[in-house]
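Let's take a look at the pockets of this protein. Where are they, and what lines them?

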Amino acid sequence: MKRLPKIVLALLIQGLALLILAGVVQILSLWVAPPYPFWALAVAQGVLAAFLSCRLGLPCWWRLIQFSLPVGLYLGLHFQINPWWALLIFVVLWMIFFNAIKERVPLYLTNGTTRQALKKLIKRQQQVRFLDLGCGLGGNVVFMSQLVNVERSDGVETAPIPYLIAKLFTLVRGGNVFAMDLWKSQLAYYDVVYAFLSPEPMPKLWQKLVNEMHSDAIFVSNSFAVPEVEPSEIWELDDRRKTKLYLYRMQDFQPKAA
Ligand SMILES: C[S@@+](CC[C@H](N)C(=O)[O-])C[C@H]1O[C@@H](n2cnc3c(N)ncnc32)[C@H](O)[C@@H]1O
């Protein structure tokens, strides 16, 4: 079950919840004569689907989605909300969380403590070239562009709405953002490459990093370590979520000259 795409599993669980609910309604009708209020059936469907979700392999936070789906449908029909609204909300969400399905990387943002740690990391370097892989709203790119020892600060992003916001933000405050898939970026140019992605792309990303980054460069991954690769350093930050920065100094991973 866990191998199925989450969206398929979620729909199967809704189907199973519907079957169970139909059985319960059949039995209930022996004592309480139907019809039953639609709102109660929608809530029961939502509660059942939410209850089953975590147990059948969906991440537990999907319970909220599983509950909201039948209840939202009921509310939409009851109040005769124009279905174009649902489409519009879906399209906007899709344009923000564009990479959540394909890359398994949603949008969440680096905090101020982490940015200060990046500043500390490069404080002894000069003319640093910084790249944020999947730069979201561009906050890191702008922050780094304003440091005196940063020569160039770039970001790449493919989700349309974050890209547009990042583009505007960097036009006004500094740095450069490109509408580019991170897999197509050229890493050889950069001294510090930063990523805050998810566990999913890390093994493939590591191959790209070791193939392309120069030996004095450093890769910083916020929160997600590269599996089976010992980082050069781990910084645990003093913020609320105890952010861990995994630092990979490329010289530690390239074959030493004889
Ligand atoms: C967790 S957010 C981090 C945003 C920003 N780097 C920060 O730390 O505040 C990850 C971002 O990577 C973007 N992303 C994921 N896969 C990508 C890809 N293949 N190419 C470009 N951007 C990507 C997502 O759209 C999302 O905005």
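A quick heads-up: this is a predicted model. Let's begin with the second largest pocket, where H5 provides the largest share of the lining, 3 residues. Helix H7 (139-145), strand E2 (150-157) and helix H8 (160-173) join H5 in supplying at least two residues each to that lining. In total, 34 residues line the second largest pocket, and the ones nearest its centre are Pro 106, Gly 134, Cys 135, Gly 136 and Glu 157.

Now for the largest pocket, with its volume of about 1,600 Å³. Its lining also has 34 residues, and Ile 7, Trp 62, Ile 65, Phe 90 and Leu 93 sit closest to the centre. Which helix gives the most to this lining? That's H3, with 10 residues. Helix H3 spans 62-78, and helix H1 (6-28), helix H4 (83-96) and helix H5 (98-102) each put in at least two residues as well.

| Pocket | Volume | Lining residues by type |
|---|---|---|
| Largest pocket | about 1,600 Å³ | 27 nonpolar, 5 polar and 2 charged |
| Second largest pocket | about 400 Å³ | 20 nonpolar, 8 polar and 6 charged |

What kinds of residues make up the lining of the largest pocket? You'll find 27 nonpolar ones there, along with 5 polar and 2 charged. In the second largest pocket, the lining divides into 20 nonpolar, 8 polar and 6 charged residues.

Key:
Residues are numbered from 1 along each chain as its sequence is written. This is a predicted model: local features need pLDDT of at least 70, side-chain atom pairs count only at pLDDT 80 or more; totals for chains, interfaces and linings use all residues. Side-chain values use heavy atoms; hydrogens and water are left out. On a 1 Å grid over the protein atoms alone, a cavity is a set of points where a 1.4 Å probe fits but cannot get out, and a pocket is an open set with protein on both sides within 12 Å along at least five of seven lines; lining residues have an atom within 4 Å of a point. Grid points are joined across faces, edges and corners, and a volume is the space filled by probe spheres set on the points. Helices (H or I, at least four residues) and strands (E, at least two) are DSSP runs, numbered from the N terminus. Ala, Val, Leu, Ile, Met, Phe, Trp, Tyr, Cys and Pro count as nonpolar, Asp, Glu, Lys and Arg as charged, and the others, Gly among them, as polar.
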